[in-house]
Amino acid sequence: MRRKASLVLLAFAVFFAALSPLLRYYAFPRLAKVPANQYQDMVLQAKGATLLDYGTMKARKVSEVTIVQTLKGNVAAGRKIERTAGRDVVVWDGLSYVQGPDGRMVSEIPERYIFDAHSQAPVHATGEMVDGDPVKRDGIEFKWPFLTQKRDYEYFDAQTRTTNPIHYKGTRDFRGLKVYYFEQTIPWTKVPFPKVMPVKGITPQSVARTGTTRWYTTVRRFWVEPVTGAPVYGEEIHKEELRGGTLLGGRDKVTAFAGHVKMREDYIEHTVNLVRSNRTLILLLTSYLPGGFLLLGTLLLALSLWLEARGRRPADPEPAESAAAEPVSA
């Protein structure tokens with residue numbers, strides 16, 4: 001019986017020991033993926049910002065500028081691309097909507113971001129665009145890969161339509177979470193005007209005929225939870241200028257927007273709570289279950305060897321029977 005039990009335990013030990021790396025290196029890359037139908041929104045604010053009044057073409061201080069960013073998973077478009085891409089694809093239709101303190105639209109820029117559901121690497125397909133302009137992203141945007149590393153990444157900037165390094169600047173604590181801090185600086189760059197302008201009747205084409213150009217610079221900062229690759233907080237020191245042309249009335253340049261853009265507090269709390277729950281699911285596949293299975297397999301192997309050793313131990317000799325008493329002769 002001991003030998004049969006040791007063989008059963010040995011079989012289970014091999015099973016769990018083999019399951020540990022299988023779960024980590026085979027199942028995890030296939031099971032961990034961004035949901036195709038995900039919807040999320042975020043509100044950012046720039047308090048005490050500078051904003052251009054298009055009526056007077058003069059910059060003025062305002063109480064705040066609000067930026068609403070939405071990302072909506074386009075399941076139908078993702079499935080269509082998957083047929084030729086041969087992998088799980090997520091399509092996000094995004095919109096960055098900027099409004100002034102009076103609630104009026106300052107700008108709105110739509111995007112379509114297509115990426116691999118597992119690695120978050122960009123997937124190039126028809127429809128990839130920023131504000132209607134076709135683009136070809138070479139870096140990540142919005143989200144870092146699962147199990148983010150302590151290194152620089154290539155990050156796509158939607159304003160300039162270019163990819164630039166975003167630098168790892170160290171590990172920090174953010175509301176009880178260990179996060180990696182990343183920072184990117186985009187120098188002053190000439191960028192296109194939004195297709196939808198804040199003043200009715202003014203178009204990018206009509207502004208271009210005046211000779212006025214739009215320039216932009218930003219310092220972009222992200223605090224990224226490394227297990228999920230999700231930013232739990234982000235901010236930008238953002239500046240835009242209009243330069244030259246007859247539209248400015250002889251001035252060299254005028255500030256179109258300048259402000260320190262930060263996530264609103266309620267969205268920070270929601271994002272941190274969401275990342276905490278998703279982090280546990282990722283750790284189950286990458287750490288808790290593989291480590292637990294490996295430990296369990298080791299314990300079962302030790303128990304199997306112990307039972308086998310006991311089964312091979314020679315049995316204790318039985319006590320000799322007492323010699324029969326010889327008869328006593330008279």
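Predicted model: local features only at pLDDT ≥ 70, side-chain atom pairs only at ≥ 80, totals over all residues.
# Asking why: burial, bridges and a pocket

Student: What makes a residue "buried"?

Tutor: Its relative accessible area has to be under 20%.

Student: What makes the contact between E141 and R137 a salt bridge?

Tutor: The cut-off is 4 Å between a side-chain nitrogen of Lys or Arg and a carboxyl oxygen of Asp or Glu. For E141 and R137 the closest N and O atoms are 2.8 Å apart, so the pair passes.

Student: Why is D53 called partly exposed?

Tutor: Its relative accessible area is 26%. Buried needs under 20% and exposed needs over 50%, so D53 falls in between. R60, at 38%, lands in that middle class too.

Student: How do you know that R264 and D266 form a salt bridge?

Tutor: Their closest N and O atoms are 3.0 Å apart, and the limit is 4 Å. R264 has a relative accessible area of 30% and D266 has 39%, so each counts as partly exposed. Elsewhere, salt bridges that share partners tie E111, E128, R137 and E141 into one network.

Student: How many salt bridges are there by this rule?

Tutor: The count comes to 20.

Student: On to helix 2, then. Which of its residues are buried?

Tutor: A77, G78 and I81, in a helix that runs over residues 75–85.

Student: What makes you say they share a side of helix 2?

Tutor: They cover an arc of only 95° around the axis, so they sit on the same side of helix 2. The general idea is that an α-helix has 3.6 residues a turn, so residues three or four places apart point the same way. Strand 5 (89–99) and strand 6 are among what covers those buried residues. On the face turned away from the buried side you'll find A76, R79, K80 and R83, which are exposed.

Student: Why is Y25 called exposed?

Tutor: Its relative accessible area is 62%. Exposed means over 50%, so Y25 qualifies. Y25 belongs to helix 1 (residues 2–31).

Student: What about F142: what makes it partly exposed?

Tutor: F142 comes out at 22%. F142 lies in the loop between strand 8 (133–134) and strand 9 (153–157). Its phi is positive, near 75°, although F142 isn't a glycine.

Student: Last one: how is the lining of the second largest pocket made up?

Tutor: The pocket holds about 280 Å³ of space. It has 14 lining residues, and L52, Y54, R60, D102 and R104 are the closest to its centre. By type, the lining divides into eight nonpolar, two polar and four charged residues. Strand 2 gives the largest share, three residues, and strand 6 (105–116) also supplies at least two.

How values were computed: Residues numbered from 1 in each chain as written. Heavy atoms only, no water. 1 Å grid on protein atoms, 1.4 Å probe; cavity = no way out; pocket = protein on both sides within 12 Å on 5 of 7 lines; lining within 4 Å. Points joined across faces, edges and corners; volume = space filled by probe spheres on them. Helix = DSSP H or I, 4+ residues; strand = E, 2+ residues; numbered from the N terminus. Nonpolar A, V, L, I, M, F, W, Y, C, P; charged D, E, K, R; others polar. Buried < 20%, exposed > 50% of the residue type's maximum accessible area, 1.4 Å probe, protein only. Arc of directions from axis to C-beta. Contact = heavy atoms within 4.5 Å.
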